[in-house]
Amino acid sequence: MMQVGRTAWKTVEWVLLAAVGLVFLFPFLWMFLTAFKTMPEVYQFPPTWWPESWQFENFRIAWSSGPFVTYVMNSILVAGGILILQFLIAVPAAYAFARYRFPGRNLLFGLSLIALMIPSQVIFLPVYVEMSHWGLVNTLWSLILPFGASAFGIFLLRQSFMQVPDEVIEAARLDSASEWKIMWTIMVPMAKPVLVTFGLFSFIYHWNDYFWPLIMTNSDSVRTLPIGISMLKAAEGGKQWNVIMAGNLILVLPILVVFFIAQRHIISAFVYQSK
């Protein structure tokens, strides 16, 4: 009887997981199929799932509607530059919070966590004024510098560094290893799954960021891919949804590739943090 109940519960669990997965998968599937449809198929009612003929021309139209090579390069530079800067700041900060005892440590760590509760939309005006005073508005630096320090990254790495046994650190110090060497050659490799997970979250967030590039840039030379995709609607009169979906697919595809490459490290990070 218990075996039957356990089997029934497993069946219900799998059905619920499949339903939730379908809810998240449906918009991506609809976007993918719409990107290959013709205009009559997009507006056909009742709608059809599969395109009658796969229109790869939609991607050429979307790509040639603006300087998309510039948009892609800017997105790579911004997301990559932010990630590198966040690593350079978060790793030493997390190591200090995890392994050093100094007055005000808990207070400073608490203040850094408060930053997690403040959305960028709240502070954009003073940051914009500051960037304007520095002459950085409408440059890639105005998209990178405000996000150089990540409270989320500091929190994740601190929790990971605290799980490293003290004996490992003491053994390295007995071998005359400097704190800098301990941090980068011992702590960072041991936190690799967490670093990859944080890097993926940061990359996805800033790759998809629309608000900040919208207010900080006013020329195509420094605009990022989300801004370029949003301009497709105006360029196409707001009617060619197949071309717009093709542009959205161009935006999403690199993220999916990065996610599938890094998913093993993401699972390892969550398993490690839960121990």
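Helices (H or I, at least four residues) and strands (E, at least two) are DSSP runs, numbered from the N terminus, and with that convention Asn138 is placed in the loop between H6 and helix H7 (141–144). This is a predicted model, in which local features need pLDDT of at least 70 and side-chain atom pairs count only at pLDDT 80 or more, while totals for chains, interfaces and linings use all residues. Residues are numbered from 1 along each chain as its sequence is written, and side-chain values use heavy atoms, with hydrogens and water left out.

**Aromatic rings and charges over them**

- The structure holds 24 aromatic pairs, where rings of Phe, Tyr and Trp (its six-membered ring) pair if their centres lie within 6.5 Å, and planes under 30 degrees apart count as stacked, over 60 as edge-to-face and the rest as tilted.
- In one of these pairs, the ring centres of Trp30 and Trp49 are 5.6 Å apart and the planes stand at 80°, so the pair is edge-to-face.
- Trp30 lies in helix H1 (residues 2–34) and Trp49 in the loop between H2 and helix H3 (57–64), so this pair ties together parts that are 19 residues apart in sequence.
- Trp30 is partly exposed, with a relative accessible area of 31%, and Trp49 is also partly exposed, at 40% relative accessibility; here buried means under 20% relative accessible area, exposed over 50%, and partly exposed in between (1.4 Å probe, protein chains only).
- A cluster linked by ring pairs is made up of Phe32, Phe36, Trp50, Trp54, Phe56 and Phe59.
- Lys37 lies over the face of Trp30, at 4.7 Å from the ring centre, and Arg158 lies over the face of Phe109, at 4.1 Å from the ring centre; a charge sits over a ring if NZ of Lys or CZ of Arg is within 6 Å of the ring centre and within 35 degrees of the ring normal.

**Pockets**

- Rolling a probe the size of a water molecule over the atoms shows where empty space is left.
- On a 1 Å grid over the protein atoms alone, a cavity is a set of points where a 1.4 Å probe fits but cannot get out, and a pocket is an open set with protein on both sides within 12 Å along at least five of seven lines; lining residues have an atom within 4 Å of a point.
- The largest pocket holds about 630 Å³ of space, a volume being the space filled by probe spheres set on the points, with grid points joined across faces, edges and corners.
- Of the 22 residues lining the largest pocket, Ala115, Phe147, Ala149, Ser150 and Ala151 are the closest to its centre.
- Helix H6 (120–133), helix H8 (151–162) and helix H11 (192–208) are the elements that give two or more residues to this lining, and the largest share, five residues, comes from H11.
- By class, the lining of the largest pocket has 16 nonpolar, six polar and no charged residues, where Ala, Val, Leu, Ile, Met, Phe, Trp, Tyr, Cys and Pro count as nonpolar, Asp, Glu, Lys and Arg as charged, and the others, Gly among them, as polar.
- The second largest pocket, with about 180 Å³ of space, is lined by Phe28, Leu256, Phe259 and Phe260, and its largest share, three residues, comes from helix H14 (residues 241–274).

**The cavity**

- The structure holds one cavity of 30 Å³ or more, and the largest cavity has a volume of about 70 Å³.
- Among the residues that line the largest cavity are Ser75, Phe147, His206, Asp209 and Trp212.
- H4 gives the most to this lining, with three residues, and the lining as a whole divides into eight nonpolar, three polar and one charged.

**Single residues**

- Gln86 lies in helix H4 and counts as buried at 4% relative accessibility; leaving aside neighbours within four places in sequence, Gln86 is in contact (heavy atoms within 4.5 Å) with residues including Phe147, Ser150 and His206.
- Val42 is placed in helix H2 (residues 39–42) and is partly exposed, with a relative accessible area of 22%.
- Asn138 has a phi near 65°, a positive value in a residue other than glycine, and is partly exposed at 21% relative accessibility.
- Ser176, in the loop between helix H9 (166–174) and helix H10 (179–190), has a positive phi of about 65° although it is not a glycine, and Ser176 is exposed, with a relative accessible area of 68%.
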